[in-house]
Amino acid sequence: MSLVHPNKSILMTGLLFIAMTASSISQAQSDPKAVQLAQQVLAVMGGAEGWNDTHYLQWTFFGRRNWVWDKWTGDVRCDIPDNDTRIAMNVNSMEGSVFAYGVEQTDEDSLDKFLRTGYEMWINARYWLVMPFKMQDPGVTLKYLGTEQD
């Protein structure tokens with residue numbers, strides 16, 4: 001049973017997203033309708049229990065970066081086939097190894113630069129992958145903006 005009309009769910013999720021990213025007010029000030037919609041989105045995606053039980057995630061970001069993430073340890077691997085680059089790191093410790101353009105990066109400054117860049121790419125790619133689960137993070141305010149008919 002669908003709780004939201006299919007044509008409206010993407011629009012409403014987008015509207016929630018816009019309101020969510022534009023605000024820094026606490027969740028306690030969220031609109032009840034917006035919170036209900038966010039809960040429906042999360043339920044369709046497996047809910048908090050499904051998210052918490054997920055150990056590994058693998059995805060391709062815009063067809064250019066292949067990611068593998070061990071949520072429980074923080075180990076991440078990013079393969080960028082276009083330029084023969086691989087970043088394998090732990091996002092908690094910021095330690096790892098890098099092969100850039102097929103060459104292992106052993107110089108400390110170069111390695112640190114590539115690891116920081118890898119971390120920033122991971123933050124961005126992970127955010128878009130798990131954004132619906134971020135809707136109830138501390139500091140997020142959800143506002144229901146209604147729907148538009150084109």
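The following legends describe close-up views of a predicted model.

**View A. Aromatic pairs around Trp 59.** Eight aromatic pairs occur in the structure. One of them joins Trp 59 to Trp 67 in a stacked arrangement, with 6.1 Å from centre to centre and 15 degrees between the planes. Trp 59 also pairs with Trp 69; here the ring centres are 6.5 Å apart and the planes stand at 70 degrees, so this pair is edge-to-face. The latter pair links distant parts of the chain, as Trp 59 belongs to strand β1 (residues 56-61) and Trp 69, ten residues away, to strand β2 (residues 65-70). Trp 59 and Trp 67 are both buried, and Trp 69 is buried as well.

**View B. The aromatic cluster.** Trp 59, Trp 67 and Trp 69 belong to one aromatic cluster, which also includes Trp 51, Tyr 119, Trp 122 and Phe 133.

**View C. Surroundings of Lys 71.** Lys 71 lies in the loop between β2 and β3 (75-80). Its charged end sits over the ring of Trp 51, at 3.7 Å from the ring centre. Although Lys 71 is buried, it has no salt bridge, and Asp 53, the nearest side chain of opposite charge, is 8.0 Å away. Apart from neighbours within four places in sequence, the residues in contact with Lys 71 are Trp 51, Asn 52, Thr 54, His 55 and Leu 57.

**View D. Lys 113 and Phe 114.** The ring of Phe 114 has the charged end of Lys 113 sitting over it, 4.9 Å from the ring centre.

**View E. Helix α2 and the residue Gly 46.** Buried residues of α2 are Ala 34, Val 35, Leu 37, Ala 38, Gln 40, Val 41 and Leu 42. Gly 46 follows α2 and has a positive phi, near 105 degrees.

**View F. Salt bridges.** Side chains of opposite charge can pair when their charged atoms come close. Two salt bridges are found in a search of the whole structure. In one, Arg 77 is joined to Asp 79, and the closest N and O atoms are 2.9 Å apart. Arg 77 is partly exposed at 37% relative accessibility, and Asp 79 is partly exposed with a relative accessible area of 22%. Lys 134 and Asp 137 form a salt bridge whose closest N and O atoms are 2.8 Å apart. Lys 134, at 23% relative accessibility, counts as partly exposed, and Asp 137 is partly exposed at 24%.

Notes: Residues are numbered from 1 along each chain as its sequence is written. This is a predicted model: local features need pLDDT of at least 70, side-chain atom pairs count only at pLDDT 80 or more; totals for chains, interfaces and linings use all residues. Side-chain values use heavy atoms; hydrogens and water are left out. Rings of Phe, Tyr and Trp (its six-membered ring) pair if their centres lie within 6.5 Å; planes under 30 degrees apart count as stacked, over 60 as edge-to-face and the rest as tilted. Buried means under 20% relative accessible area, exposed over 50%, partly exposed in between (1.4 Å probe, protein chains only). Helices (H or I, at least four residues) and strands (E, at least two) are DSSP runs, numbered from the N terminus. A charge sits over a ring if NZ of Lys or CZ of Arg is within 6 Å of the ring centre and within 35 degrees of the ring normal. Lys and Arg count as positive and Asp and Glu as negative; His and the chain ends are not counted. A salt bridge is a side-chain nitrogen of Lys or Arg within 4 Å of a carboxyl oxygen of Asp or Glu. Contact means heavy atoms within 4.5 Å.
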